[in-house]
Amino acid sequence: MGWVAARRGHYDEARRPLEHYIAVEANSCASYYELALLYEKKGMTDLAMESWQRFIPLTQDQPLKAEAHKPIASRS
């Protein structure tokens with residue numbers, strides 16, 4: 001539900017289910033990715049950075065890992 005709402009641009013609608021899913025499944029790579037994007041779009045930079053940092057060790061996808069490093073590097 002959260003992923004669909006996020007893809008449709010309904011960020012407030014998407015946030016709660018994604019955060020809930022992470023509370024249940026702490027290693028949900030896809031949820032951290034979606035939340036990081038959502039937080040960036042909402043201007044919630046600290047939460048976005050936290051989500052990116054949790055996403056990076058969970059993914060094996062190198063292009064997505066590189067994408068996650070960009071916002072982190074820009075804040076350094």
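Biologist: Does helix 4 pass helix 5 in a left-handed or a right-handed crossing?

Modeller: Where helix 4 passes helix 5, the crossing is left-handed. The model is a predicted one. Here the axes of the two helices come within 10 Å. The handedness asked for is left-handed.

Biologist: Is helix 4 roughly antiparallel or oblique to helix 5?

Modeller: The axes of helix 4 and helix 5 cross at roughly 140 degrees. Roughly antiparallel needs an angle over 145 degrees. Therefore helix 4 is, relative to helix 5, oblique.

Biologist: Which residues of helix 5 make the contact with helix 4?

Modeller: From helix 4, the contact takes in Thr45, Asp46, Met49, Trp52, Gln53 and Phe55. By class, the contact has seven nonpolar, two polar and four charged residues. On the helix 5 side stand Leu64, Lys65, Glu67, Ala68, Pro71, Ile72 and Arg75.

Biologist: Which residues of helix 5 are buried?

Modeller: The cover over the buried residues of helix 5 includes helix 3 and helix 4. Residues three or four places apart in an α-helix point the same way, because a turn takes 3.6 residues. The buried residues in helix 5 are Lys65, Ala68, Pro71 and Ile72.

Biologist: How is helix 3 oriented to helix 4, roughly parallel or roughly antiparallel?

Modeller: The axes of helix 3 (residues 29–42) and helix 4 (residues 45–55) come within 8 Å and cross at roughly 155 degrees. So helix 3 runs, relative to helix 4, roughly antiparallel.

Biologist: How far apart are the end C-alpha atoms of helix 5?

Modeller: Helix 5 has 14 residues, so at 1.5 Å a residue it should span 20 Å. The model agrees, with its end C-alpha atoms apart by 21 Å.

Definitions and conventions: Residues are numbered from 1 along each chain as its sequence is written. This is a predicted model: local features need pLDDT of at least 70, side-chain atom pairs count only at pLDDT 80 or more; totals for chains, interfaces and linings use all residues. Side-chain values use heavy atoms; hydrogens and water are left out. Axes are lines fitted to C-alpha atoms, for helices over the stretch in contact, and angles run from 0 to 180 degrees between N-to-C directions. Helices (H or I, at least four residues) and strands (E, at least two) are DSSP runs, numbered from the N terminus. Angles under 35 degrees count as roughly parallel, over 145 as roughly antiparallel, 65 to 115 as roughly perpendicular and the rest as oblique. The expected span of a helix is 1.5 Å times one less than its number of residues. Buried means under 20% relative accessible area, exposed over 50%, partly exposed in between (1.4 Å probe, protein chains only). Contact means heavy atoms within 4.5 Å. A crossing is left-handed if the near helix is turned anticlockwise from the far one by less than a right angle, and right-handed if clockwise. Ala, Val, Leu, Ile, Met, Phe, Trp, Tyr, Cys and Pro count as nonpolar, Asp, Glu, Lys and Arg as charged, and the others, Gly among them, as polar.
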